[in-house]
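Here is a short tour of a two-chain model, written to be read with the viewer open. Please have the sequence and the coordinates at hand as we go.

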Amino acid sequence: MDNQMPSVKELIDRPFRYFYDDGLVELAVGTLFLAAGLTISAWAATPAGSMWRLVGALLLVAIPLLGSVLFKCLVQKVKDHWVHPRTGYVDYGESRPSRARWIVIGGALALAIAGFVLPDRLNNMALGEGALLGLVLATLAYRARLTRFYLLAAIAALIGLAAALWLGPDLWGSAATFGATGAVMILSGGCALRQYFMAHPAQSAQGDRA
Amino acid sequence: MSEPIKSLVEADRIVHEPARLAILALLHSIRGADFLYLQEETGLTKGNLSSHLSRLEDAGYVEIEKTFKGKIPRTLCRITADGRLAFETHCQALKGVIEGES
C-alpha cells in the first residue's frame with residue numbers, strides 16, 4: 001500500500017476515479033463536443049430556410065443521442081481490451097442518482113435564469129454553455145479527485161466567456177464553446193491515455209485467478 | 001468505559017484489519033471488482049490478497065465468483081449486505097472514537 005495512508009473516504013471514491021483515470025471518457029466526450037461544435041458552425045454558415053439547416057438541426061439531435069450510445073459501447077470495448085487486462089475490472093452496477101447530479105441540474109437551472117438577466121451585448125448562450133460545461137467538469141473533478149478535470153472546468157468556462165465577449169450573440173459562440181472545449185478534452189484525454197499506457201505497460205494476459 | 005471506546009474494543013476484528021478495511025472500502029460503492037483491480041489498488045501480493053479475501057468470504061462479508069472473460073479467468077469480488085453493514089458500523093465506531101477525543 002502507499003506510504004501515505006489514504007482516508008477511507010478516498011478508498012470508497014477510488015473506483016469512481018478509476019473510470020476516468022485512463023482518459024478514454026474524455027476522448028469520447030471531447031469527440032462528441034467537437035462534432036457538435038462543427039455541426040453548429042456548419043448550421044450557422046448555412047442560409048436560413050435552406051435544406052442544410054434542417055439537416056444540421058437533425059444532426060444536432062442525433063449527435064448527442066447516437067453518439068453517447070455509440071461511444072459508451074466503444075469505451076467499454078476499449079476498456080475490456082486494453083484497460084481491464086492491465087489494471088483490473090470494476091462492475092459499477094446501475095448508476096444511482098447522486099448529490100453531484102442534483103448540483104449540475106441546479107446549476108443548469110440557475111444558468112437558464114441568468115440567461116434572461118445578463119446584458120444583451122453578451123452571447124448568453126455561449127456564456128451559459130461554458131459555465132455549464134465548467135460546472136459539470138468541476139463536479140466530476142471533485143467527485144473523482146482528478147486535478148486535470150478542475151483545469152478542464154476552468155478552460156471550458158473561460159472558452160465560454162471568451163466566446164460570449166468576442167463572438168457576439170449568435171450560433172458561432174456556441175460552436176466555438178463546444179468545439180474548443182471538445183478539442184481541449186481530446187488533448188487532455190490523449191495525454192492521460194498515453195500516461196496510463198506508460199505507467200501500465202502491456203503484459204501477457206494470464207487472468208487474475210488467485 | 002465510554003460508549004465509543006467500548007465499541008472500539010468490541011470492534012469487528014475481521015473488518016478492523018487495515019488491508020481488509022481497504023478491500024471493503026473499495027468494494028463499498030460498486031457492484032463488484034476483479035482480483036486484479038483489488039491487487040492494483042491495495043498493492044498487496046496475490047497470496048496476501050487471496051488470504052484476506054478468504055477471511056472476508058468466510059465471515060460472509062464478501063462473495064467471490066470465479067468466471068471467464070473469453071479464455072481468461074476472472075475472479076469477481078462483491079461486498080454482501082452483511083459486509084456493507086459491518087463496514088459502515090465499524091466506520092461509525094471509529095468516527096465516534098475520533099470525535100469523542102476532541
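Is A:R145 buried, exposed or partly exposed? With a relative accessible area of 34%, A:R145 is partly exposed, a class that lies between buried (under 20% relative accessible area) and exposed (over 50%), using a 1.4 Å probe and protein chains only.

## About the model

This is a predicted model, in which local features need pLDDT of at least 70 and side-chain atom pairs count only at pLDDT 80 or more, while totals for chains, interfaces and linings use all residues. Residues are numbered from 1 along each chain as its sequence is written, chains are lettered from A and ligands numbered from 1 in the order in which they are written, and side-chain values use heavy atoms, with hydrogens and water left out.

## The two chains

Let's begin with chain A. Its secondary structure amounts to 7 helices and 1 strand, where helices (H or I, at least four residues) and strands (E, at least two) are DSSP runs numbered from the N terminus. Along the sequence these elements follow the order α-α-α-β-α-α-α-α. Chain A has 210 residues, and 38% of them count as buried. Its accessible surface is about 12200 Å², with 70% belonging to carbon and sulfur atoms; such areas come from the Shrake-Rupley method with a 1.4 Å probe, and for residues only the protein chains shown count as cover. Taking contacts (heavy atoms within 4.5 Å) between residues at least 6 apart in the sequence of chain A, 77% join residues at least 24 apart.

Chain B has 6 helices and 3 strands, arranged as α-α-α-β-α-α-β-β-α. Of its 102 residues, 42% count as buried. Chain B exposes about 5400 Å², and carbon and sulfur atoms supply 53% of that area. Among the contacts in chain B with a separation of 6 or more, 51% come from residues 24 or more positions apart.

## A helix pair in chain A

Two packed helices are described by the angle between their axes and the distance between the axes. In chain A, the axes of α5 (residues 124-144) and α6 (residues 147-166) come within 7 Å and cross at roughly 175°. The axes are lines fitted to C-alpha atoms, for helices over the stretch in contact, with angles running from 0 to 180 degrees between N-to-C directions. α5(A) and α6(A) are therefore roughly antiparallel to each other, the label for angles over 145 degrees.

On the α5(A) side, the residues that meet α6(A) include A:A126, A:G130, A:L133, A:L137 and A:A141. Their counterparts in α6(A) include A:F149, A:L152, A:A156, A:G160 and A:A164. By class, this contact has 17 nonpolar, 3 polar and no charged residues. Here Ala, Val, Leu, Ile, Met, Phe, Trp, Tyr, Cys and Pro count as nonpolar, Asp, Glu, Lys and Arg as charged, and the others, Gly among them, as polar.

## Residues worth a look in chain A

Back to A:R145, which sits in the loop between α5 and α6 of chain A. Its phi is near 55°, a positive value in a residue other than glycine. A:R145 is also touched by A:D13, which contacts A:R143 as well, leaving aside residues up to four places away in sequence. A:D13 belongs to helix α1 (residues 8-21) of chain A and is buried, at 8% relative accessible area.

A:F178 lies in helix α7 (residues 171-199) of chain A and is buried, at 17% relative accessible area. Not counting residues up to four places away in sequence, A:F178 touches A:F33, A:L34, A:G37, A:I40, A:E129 and A:L133. A:F178 and A:L133 are 45 residues apart along the chain, with their C-alpha atoms separated by 8.9 Å. Turning to helix α3 (residues 51-87) of chain A, we find A:L65, which counts as exposed at 54% relative accessibility.

## The largest nonpolar core

In soluble globular proteins, nonpolar side chains tend to be buried together. A nonpolar core is a set of buried Ala, Val, Leu, Ile, Met, Phe, Trp, Tyr and Cys residues joined through side-chain atoms within 4.5 Å. The largest one here holds 54 residues, of which B:L24, B:L27, B:L38 and B:L53 touch the most other members. Helix α3 (residues 18-28) of chain B gives the largest share of this core, 8 residues.

B:L53 touches B:I23, B:F35, B:L38, B:V62, B:I64 and B:C77, again not counting residues up to four places away in sequence.

Conventions: Parallel < 35°, antiparallel > 145°, perpendicular 65-115°, else oblique.
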